[in-house]
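Reader: I have a model open and would like a quick walk through it. Can you take my questions as they come?

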Amino acid sequence: NFFGANTMKIAFSGAHRTGKTTIAQLAAKHLNTAYVSTKPATTTAINIKTLEGLKGQLALTNRLRVQTDMMVKMGDLYLNNKGGFFDRSMVDVLAYTLVHLDRINETYSPDRLEQQRIGTLIRNIVDRLVMADFTFITVPNIPFVNESGKAGLDTQQEVQECIEWVAKTYLAPNRYFILPEWADTANAKLAVITDVLKAKRVKGV
């Protein structure tokens, strides 16, 4: 095992179609460690398109419920697995939460109690960002597309930008790495990931 006895929890974060799952699976195989699918944490009781079609207070109430559910499920996945490569993280949860709440706020003004609920949720997600020992931010090497059950093109671009902002704002510099755009093949990404993790293992950070 590349990491030895104390396996790290390595996350990949990025918008839809940036290759999180594919590279997490390949990295786990390449470095002989576990791959952890976070898909169970992203399964919602409300269809994404239905949720995005809601307006006003109904949109806010259901969005807070969905994002809280995702936060809890994602946290459970990180707590219940000793380590390996995870194909999403709390960075994704926070970015999607911020983007969707910003969209809702364009047409609806939350009351004081709703603002408190929003603040509590965001703080709880931020507190859980450290559940991943290290996070790789994946970047789009292919164009975003509209896909059934997924966020729209504008939302995907906003989420990608927000994910990078969240990492730079809330994670220590030695706890994340944004994969370079020139690493546009699986082998190139694996080479970068391996080099970054080797450096961390040698430095003991």
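**Overview**

Author: Of the 205 residues in the protein, 48% are buried, where buried means under 20% relative accessible area, exposed over 50% and partly exposed in between (1.4 Å probe, protein chains only). This is a predicted model: local features need pLDDT of at least 70, side-chain atom pairs count only at pLDDT 80 or more, and totals for chains, interfaces and linings use all residues. Residues are numbered from 1 along each chain as its sequence is written, and side-chain values use heavy atoms, with hydrogens and water left out.

Reader: How many helices and strands are there in the protein?

Author: The protein has 8 helices and 5 strands. Both are DSSP runs, numbered from the N terminus: helices are H or I with at least four residues, strands are E with at least two. Along the sequence the pattern reads β-α-β-α-α-α-β-α-α-β-α-β-α.

Reader: What share of the contacts is between residues 24 or more positions apart?

Author: Such pairs make up 81% of the contacts with a separation of 6 or more. A contact means heavy atoms within 4.5 Å.

Reader: Now α6. Which of its residues are buried?

Author: They are E114, I118, G119, L121, I122 and I125. Seen down the axis of α6, these buried residues fall within an arc of 165°, so they line one face of the helix. The arc is that of the directions from the helix axis to the C-beta atoms.

Reader: And what covers them?

Author: The cover includes α4 (56–80) and α5 (90–105). On the face turned away from the buried side, α6 carries the exposed residues R112, L113, R123 and D127.

Reader: What caps the N-terminal end of α6?

Author: D111 does, with a side-chain oxygen 3.2 Å from the backbone nitrogen of L113.

Reader: What should α6 span at 1.5 Å a residue?

Author: Its 16 residues (112–127) should span 22 Å, and the end C-alpha atoms are 23 Å apart, which agrees. The expected span is 1.5 Å times one less than the number of residues.

Reader: Is N32 buried or exposed?

Author: N32 is exposed, at a relative accessible area of 55%.

Reader: Last one, K39. Where does it lie?

Author: K39 is in helix α2 (residues 39–42) and is exposed, with a relative accessible area of 58%. The C-alpha atoms of K39 and D87 are separated by 8.4 Å, although these residues are 48 apart along the chain.

Notes:
A polar contact is a pair of N or O atoms within 3.5 Å; within protein, one must be able to donate a hydrogen and the other to accept it, and residues adjacent in sequence count only if both atoms are side-chain atoms.
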